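Reader: Hi, I have a structure open and would like to go through it slowly with you. Could you look at it with me?

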Number of protein chains: 2
Amino acid sequence: MPRRADLSDTFCPVGRSAELVGDRAVLLILRDLFFGIRRFEAFQANSGLGPQLLSDRLKRLEQEGVVERRPYQQRPTRYEYWLTEKGKALFDVLYAMRNWAERWAYVPGETGDDGLAMRYVHRNCGADVGLATACPECGETLGYGDLKGEMSPALLAERQARVAR
Amino acid sequence: MPRRADLSDTFCPVGRSAELVGDRAVLLILRDLFFGIRRFEAFQANSGLGPQLLSDRLKRLEQEGVVERRPYQQRPTRYEYWLTEKGKALFDVLYAMRNWAERWAYVPGETGDDGLAMRYVHRNCGADVGLATACPECGETLGYGDLKGEMSPALLAERQARVAR
DNA sequence: ATAGTAACTATGATAAACATAGTAACAAGC
DNA sequence: GCTTGTTACTATGTTTATCATAGTTACTAT
């Protein structure tokens, strides 16, 4: 697609975010970063993105300061991708996306008896937070690092199957 | 771009949302819907999207049940686009995007003295909520309908200039 | 009869995404 | 020292999306 009017200098905050996050590939990479993935091949396997698209988006994310490349070995030098503070702050966006999808993007019963594809527990107090942005037990605001995610069996199986290929 | 592996049936909630929201045009349309825009030409003027792309995305949004078309006149019949409940629930995603951008996507001082491109007030108690997801005064969780947005002069001017063209 | 309005659709050029294959820089085993 | 394996990419050619611009439809107003 031709790169139409660039929005990175608009005064609208949603426009600015959209320039980064309004991209399927970027969202899938961010998701996997929040799942703890750091290496090129692992992103490829989990996201299903081709190497070229993945490479391009990782560069974009690095340039935006969302991700940083860190060498994890010499000879040959290999790099891992880590979220920066700016990147970690995007957790709230992905969490909002998850909350919306859990409520609106599944047909009833699709996720099994429990009803959620992904479950989050507040690390501090151990409460299952459901789809809330503040802990229903202790009232604390929930951000990156406060939550421990747990995939449903169906989601876990799907991801393992993807990597196995 | 070829529509590669479709994610609308993945078990991952972020993947499902990404299929809809991982698209710049969709995000711009949603933003304008939350600003109260309802007509084709107004979307075009405010978003800067071409008529074909706009038309395509409005159809997609309607098909996903995020938006519904309502006639507002006969002879000739003309339609407006309104957010459904499912659509209104996406507010949290856009609000998270706004929060992130306000904090991370502007250079210091860019938005003027006040520091925010967009200000939100809690309708119930009148408090300026800043970048919070729960009201700092009364503690209530903030969703669509609870907040009244107010654009900074710079943002307002930018939008008016766009429509004037 | 002409001009205006609103919501699109059609067309051709450009750019992005895809699948697949290939490269670079090494380590380990035979 | 030659082949195989590993990791992170880059290169190539085809398919598909997006863009800018022009045109269409169905009316109302002058």
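Reader: Which residue of chain A comes closest to the rotation axis?
Author: Before anything else, please keep in mind that this is a predicted model. Of the residues of chain A, the one that comes closest to the rotation axis is Gly22(A), whose C-alpha lies at 2.2 Å from that axis.

Reader: And what rotation superposes chain A on chain B?
Author: The rotation is one of 180°, with 0.0 Å of shift along its axis, and it superposes chain A on chain B with an RMSD of 0.0 Å. That is the relation of a two-fold axis. The two copies also use the same surface, since 100% of the contact residues of chain A recur in chain B.

Reader: How many residues are in contact between chain A and chain B?
Author: On the side of chain A there are 43 residues in contact with 43 residues of chain B. The elements that give two or more residues to this side of chain A are helix 1 (13-21), helix 2 (24-34), helix 6 (91-104) and helix 7 (153-164).

Reader: Which of those gives the largest share?
Author: The largest share comes from helix 6 of chain A, which contributes 12 residues to the side that touches chain B. If you sort the residues of that side by class, you find 24 nonpolar, 9 polar and 10 charged.

Reader: Let me stay with helix 6 of chain A: is it largely enclosed or open?
Author: Helix 6 of chain A is largely enclosed by the rest of the structure, because 13 of its 14 residues are buried. Its length can be checked as well: at 1.5 Å a residue, its 14 residues should span 20 Å, and the end C-alpha atoms are 20 Å apart, which agrees.

Reader: Ok, stepping back, how many helices and strands are there in chain A?
Author: Chain A has 7 helices and 4 strands, and when you read along the sequence they follow the pattern α-α-α-α-β-β-α-α-β-β-α. Along its principal axes, the C-alpha trace of chain A spans about 45 × 45 × 30 Å. Of the 165 residues of chain A, 36% count as buried. Among the contacts in chain A between residues at least 6 apart in sequence, 41% join residues at least 24 apart.

Reader: Into which domains is chain A divided?
Author: The chain is divided into domain 1, which covers 13-88, and domain 2, which covers 91-164. The centres of these two domains of chain A, taken over C-alpha atoms, are separated by 22 Å.

Reader: How many residues of those domains are in contact?
Author: In chain A, 8 residues of domain 1 are in contact with 7 residues of domain 2. On the domain 1 side, the elements that give two or more residues are helix 2 and helix 3 (40-47) of chain A, and helix 2 provides the largest share, with 3 residues. By class, that side of domain 1 has 4 nonpolar, 2 polar and 2 charged residues.

Reader: I clicked on Leu28(A); is it buried or exposed?
Author: Leu28(A), which lies in helix 2 of chain A, is buried, because 25 other C-beta atoms lie within 10 Å and the cut-off for buried is 20 or more.

Reader: And what does Leu28(A) touch?
Author: Not counting residues up to four places away in sequence, Leu28(A) touches Ser47(A) and Leu49(A) in chain A, and Gly15(B) and Ala18(B) in chain B. Leu28(A) and Asn46(A) are 18 residues apart in sequence, with 8.7 Å between their C-alpha atoms.

Reader: Switching to chain B, in what sense do strand 1 and strand 2 pair?
Author: Strand 1 (residues 67-73) and strand 2 (residues 78-83) of chain B pair in the antiparallel sense, over 6 bridges. As one of the details, the bridge partner of Arg70(B) in strand 2 is Glu80(B). The hairpin has 4 residues between the strands, and in it Arg75(B) takes a positive phi near 50°.

Reader: Last one: where is Thr84(B)?
Author: Thr84(B) sits in the loop between strand 2 and helix 5 (85-88) of chain B, and with 16 other C-beta atoms within 10 Å, Thr84(B) is partly exposed. Not counting residues up to four places away in sequence, Thr84(B) touches Gly65(B), Val66(B), Val67(B) and Glu68(B).

Note on methods. Residues numbered from 1 in each chain as written. Chains lettered and ligands numbered in written order. Predicted model: local features only at pLDDT ≥ 70, side-chain atom pairs only at ≥ 80, totals over all residues. Nonpolar A, V, L, I, M, F, W, Y, C, P; charged D, E, K, R; others polar. Expected span 1.5 Å × (residues − 1). Buried ≥ 20, exposed ≤ 12 C-beta atoms within 10 Å, placed from the backbone. Least-squares fit on C-alpha atoms with pLDDT ≥ 70 in both. Domains from an automatic or database assignment. Pairing = 2+ DSSP bridges.
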